[in-house]
Amino acid sequence: MLKSFKAGLFVLLAMAVQPVFAEEAASAEAAPVVNGPEKIVQNVCAACHGADGNSVINTNPKLAGQHPEYLLKQLSNFKDGTRANPVMAGMAGALSQEDMEGVAKYFSSQSIKLAKASSNGKGSLGEKIYRGGIAATQVPACAACHGATGAGLPKQFPRLAGQHTDYTVQQLRTFRTGERANAPMMMTIAAKMSDAEMQAVADYIQGLR
């Protein structure tokens, strides 16, 4: 009788535990497995650039919707020191070529969240510089390389539309000082621009669409 009781108790326990195991197994199957570029983005990039590439920190660039070729070039330049940036050098240095290509494609596939210019709209100094350049100092129109809508030319020039004003100003200044030296054309252009001109065109770019 004792044996029968123990056997019955074992069956009841097994029946009670089985649904728990089944539930845990179903949960494990439902949980998405994050590997490759997405994992790198979550663990390395998201804190500064956002998981979807739309940075909420104005001095950090939005990467969403950027050309993958451009992103790959920047990561490679950070890694080999052509573009000086201690933080990004450390980040890119830990990535393989395959990792960089994957991250570049990931961010390029995301949708950028557009913004608005603070004061440089239609007819502003910012618009005049972007669309017509600055004749007095021979600064070419930004639209000539980056397009009328700021979409850029794939494989050559980056997308600018919607980019943070603060970040764009920061980059123009580093081009002017030579701190950023991985785009000789931009170094020549920025050297001819005043702070006010940089601020105006960067503000216009933020609202471009």
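Author: Happy to; what follows is a set of questions and answers on a predicted model.

Reader: Let's begin with helix packing. At what angle do the axes of α6 and α10 cross?

Author: Helix α6 spans residues 125-132 and helix α10 spans residues 195-206. Their axes come within 7 Å of each other. Angles of 65 to 115 degrees count as roughly perpendicular, so α6 is roughly perpendicular to α10. The crossing angle is roughly 85°.

Reader: Nice. Which residues of α10 meet α6?

Author: From α6, the contact takes in Leu125, Gly126, Glu127, Ile129, Tyr130 and Arg131. By class, the residues of this contact divide into seven nonpolar, one polar and three charged. On the α10 side, the partners are Glu197, Ala200, Val201, Tyr204 and Ile205.

Reader: Now α2 and α5, please. How far apart are their axes?

Author: These two helices pack at an angle of about 85°. That value makes α2 roughly perpendicular to α5. The distance between their axes is 9 Å.

Reader: And how many residues in the contact of α2 with α5 are nonpolar?

Author: In α2, the residues concerned are Pro37, Glu38, Ile40, Val41 and Cys45. They meet Asp99, Gly102, Val103, Tyr106 and Phe107 in α5. Of the residues in this contact, one is polar and two are charged, while the nonpolar ones number seven.

Reader: Turning to charges, how many residues apart in sequence are the parts tied together by aspartate 52 and lysine 113?

Author: The whole structure has four salt bridges, and aspartate 52 forms one with lysine 113. The closest N and O atoms of the pair are 3.8 Å apart, inside the 4 Å cut-off. Aspartate 52 sits in the loop between α2 and α3, and lysine 113 in the loop between α5 and α6, so the pair ties together parts whose separation in sequence is 61 residues.

Reader: Which residues line the largest cavity?

Author: By class, the lining has four nonpolar, two polar and two charged residues. By name, they are Lys62, Ala64, Gln66, Ile112, Arg159, Leu160, Ala161 and Gln163.

Terms used:
Residues are numbered from 1 along each chain as its sequence is written. This is a predicted model: local features need pLDDT of at least 70, side-chain atom pairs count only at pLDDT 80 or more; totals for chains, interfaces and linings use all residues. Side-chain values use heavy atoms; hydrogens and water are left out. On a 1 Å grid over the protein atoms alone, a cavity is a set of points where a 1.4 Å probe fits but cannot get out, and a pocket is an open set with protein on both sides within 12 Å along at least five of seven lines; lining residues have an atom within 4 Å of a point. Ala, Val, Leu, Ile, Met, Phe, Trp, Tyr, Cys and Pro count as nonpolar, Asp, Glu, Lys and Arg as charged, and the others, Gly among them, as polar. Axes are lines fitted to C-alpha atoms, for helices over the stretch in contact, and angles run from 0 to 180 degrees between N-to-C directions. Helices (H or I, at least four residues) and strands (E, at least two) are DSSP runs, numbered from the N terminus. Angles under 35 degrees count as roughly parallel, over 145 as roughly antiparallel, 65 to 115 as roughly perpendicular and the rest as oblique. Contact means heavy atoms within 4.5 Å. A salt bridge is a side-chain nitrogen of Lys or Arg within 4 Å of a carboxyl oxygen of Asp or Glu.
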